[in-house]
Amino acid sequence: MGVLAVVCGAGAVYGFAVGPATAQKAASVNPKPAPPPTSAAQRQQIERGRSLFVDGCSSCHGNDAKGKPNVAPTLVGAGAAAADFYLSTGRMPLSNPTDEPTRSPPAYNRQDIDALVAYVGSLGAGPAIPHVDIGQGQINTGLTSFTLHCAGCHQVGAAGGIVTGGVAPALNNEDITPTQIGEAIRVGPFLMPNFNAQQISDADIADIARYIRSTSTPDDRGGWGIGHIGPIPEGMIAWFLAAGALLLIARLIGEREPE
């Protein structure tokens, strides 16, 4: 953990919400108190998470987790979902606080992540870790919801894209779990907006998660996926190829004027 302490000194849990604007998404101004632990095991886990936090994250977020101006945002009210998302996807810690947090192998093991999540969750009632059952989701409905809310940045085939000030990551990755999809929707990491239950219901999340998972192994019925970039550009490529083929055929069978 010694290396993590050094790295966290530069970025730590800064990835929970980068910059002043996004910090407000993750931690409310007056967060509701989190329910107190109800068992000795919960208290021990929170205390262990607190120890990990002080060792690896407090240099940026402070011993009270209230952040430091122009360094890292407060985690009070960030909630368990934000902590679990950034830790489980390896977006935290950051080697450079100004970098966009991107997916990488998690720096902490699952036991340490659970302890840190318990501690951050105890600081204020932010979004809880959602339970996402893709078995209850519908791909067609998920495609509709994904197209409406997500495809503008991530493309309809979930291949990702470039947005002003950052990168919308590709989602057609089998390593992305349904829980992480639900967490991202509720938390709104980095430049992504967050959606509450009135905007995207839990049932909608299950639909979207099932659709996203389907994009990792798409059914290319035409035989050639062409990067799954959508029907319009794929149709244009088909027309260009067809036009080239027709010109070649015309050249081969056409009559030439005598010299």
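This briefing walks through some helices, cores and ring pairs of the structure above. The model is predicted, so local features need pLDDT of at least 70 and side-chain atom pairs count only at pLDDT 80 or more, while totals for chains, interfaces and linings use all residues. Residues are numbered from 1 along each chain as its sequence is written, and side-chain values use heavy atoms, with hydrogens and water left out.

- Helices here are DSSP runs (H or I, at least four residues), as strands are (E, at least two), and they are numbered from the N terminus.
- Buried means under 20% relative accessible area, exposed means over 50%, and partly exposed lies in between (1.4 Å probe, protein chains only).
- The buried residues of α5 are Ala80, Ala81, Ala82, Ala83, Asp84, Phe85, Tyr86, Leu87 and Ser88.
- Their cover includes α6 (110-121) and α9 (178-187).
- After α5 comes glycine 90, with a positive phi near 70°.

**Serine 88, a residue to look at**

- Serine 88 is part of helix α5, and its relative accessibility of 13% is why it counts as buried.
- Its side chain reaches the backbone oxygen of aspartate 84 at 2.6 Å.
- A polar contact of 3.2 Å joins the side chains of serine 88 and glutamine 180; such a contact is a pair of N or O atoms within 3.5 Å, where within protein one must be able to donate a hydrogen and the other to accept it, and residues adjacent in sequence count only if both atoms are side-chain atoms.
- Leaving aside residues up to four places away in sequence, serine 88 touches Pro106, Arg110, Ile113, Gln180 and Glu183, with contact meaning heavy atoms within 4.5 Å.

**Two nonpolar cores**

- A nonpolar core is a set of buried Ala, Val, Leu, Ile, Met, Phe, Trp, Tyr and Cys residues joined through side-chain atoms within 4.5 Å.
- The largest one has 25 residues, of which Phe53, Leu87, Tyr108, Leu116, Val117 and Tyr119 touch the most other members.
- At least two residues of this core come from each of α3 (40-56), α5, α6 and α9.
- Another core, of 16 residues, lies apart from it and includes Cys150, Leu171, Ile181 and Ile212.

**Helix α3, with a buried face**

- The buried residues of α3 include Ile46, Gly49, Leu52, Phe53 and Gly56.
- Viewed down the axis of α3, the buried residues fall within an arc of 120°, so they line one face of the helix; the arc is that of the directions from the helix axis to the C-beta atoms.
- Gln44 and Glu47 are exposed on the other side of α3.

**Aromatic pairs**

- The whole structure holds three aromatic pairs, meaning rings of Phe, Tyr and Trp (its six-membered ring) with centres within 6.5 Å; planes under 30 degrees apart count as stacked, over 60 as edge-to-face and the rest as tilted.
- Phenylalanine 85 and tyrosine 86 make an edge-to-face pair, 5.4 Å centre to centre with 90° between the planes.
- Phenylalanine 85 counts as buried at 5% relative accessibility, and tyrosine 86 does so at 0%.
- The rings of phenylalanine 146 and tyrosine 211 form a tilted pair, because their planes stand at 50°, with centres 5.4 Å apart.
- This pair links distant parts of the chain, 65 residues apart: phenylalanine 146 is in helix α7 (residues 139-149) and tyrosine 211 in helix α10 (residues 202-214).
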